[in-house]
Amino acid sequence: MTEMVGGLNNPVAVIFPTQNAFFYGVRSGEVHGRLPATNEDWVVLSPAGIRNTDGFGLMSLLSDRDFSDNRYIYACYSTASDMRLTRYKISADLKSVTES
């Protein structure tokens, strides 16, 4: 067994859209990118208005089946008034959002 990331508070999702990196999300809404080869870790996005109480917050992540061509990931999360499914385009270096 190999621990990939430790010390997380309420992790909810992990996706592997590329061979060299993965993304993981925590209930508070932060989505992190990570390079296992170097253990470099960064915040890719944090949806605005996320409700992080009473079991709400980030619910899931999914990478587009054509991620290598379009770099889309999807996040499902709760706000104070509703649930949202939002598409984000990730930058070529995988470190930020270029559009949502």
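## Strands, hairpins and core of a predicted chain

A hairpin of six residues links strand 1 to strand 2. This is a predicted model, in which local features need pLDDT of at least 70 and side-chain atom pairs count only at pLDDT 80 or more, while totals for chains, interfaces and linings use all residues. Residues are numbered from 1 along each chain as its sequence is written, and side-chain values use heavy atoms, with hydrogens and water left out.

Helices (H or I, at least four residues) and strands (E, at least two) are DSSP runs, numbered from the N terminus. Two strands count as paired if DSSP finds at least two bridges between them.

**Strands 1 to 3**

Strand 1 and strand 2 run antiparallel and are joined by four bridges. Pro 11 has Val 26 in strand 2 as its bridge partner. Strand 2 also pairs with strand 3 (residues 31-35), again in the antiparallel sense and over four bridges; here Phe 23 stands opposite Gly 33. Four residues lie between strand 2 and strand 3 in their hairpin, and Gly 29 in the turn has a positive phi of about 115°.

Is strand 2 enclosed or open? Five of the five residues of strand 2 (residues 22-26) are buried, so the strand is largely enclosed by the rest of the structure. Buried means under 20% relative accessible area, exposed means over 50%, and partly exposed lies in between (1.4 Å probe, protein chains only). In a regular strand the side chains alternate between the two faces of the sheet. In strand 2, Phe 22, Tyr 24 and Val 26 are buried on one side, and Phe 23 and Gly 25 are buried on the other.

Strand 7 (residues 83-90) pairs with strand 8 over two bridges, and Lys 89 stands opposite Glu 99 in strand 8.

**Core and contacts**

The largest nonpolar core has 18 residues, and Phe 23, Ile 73 and Ile 90 have the most contacts inside it. Such a core is a set of buried Ala, Val, Leu, Ile, Met, Phe, Trp, Tyr and Cys residues joined through side-chain atoms within 4.5 Å. Strand 1 (11-15), strand 4 (40-45), strand 5, strand 6 (72-78) and strand 7 each give two or more residues to this core.

The table lists contacts (heavy atoms within 4.5 Å), leaving aside neighbours within four places in sequence.

| Residue | In contact with |
|---|---|
| Ile 90 | Phe 23, Val 44, Leu 45, Phe 67, Arg 71, Ile 73, Ser 96, Val 97 and Thr 98 |
| Pro 47 | Gly 29, Tyr 77 and Tyr 88 |

Pro 47 sits in the loop between strand 4 and strand 5. Because its relative accessibility is 6%, Pro 47 counts as buried. From C-alpha to C-alpha, Pro 47 and Cys 76 are 9.8 Å apart, with a sequence distance of 29 residues.

**The whole chain**

Of the 100 residues in the protein chain, 37% are buried. The C-alpha atoms fill a box of roughly 40 × 30 × 20 Å, taken along the principal axes.
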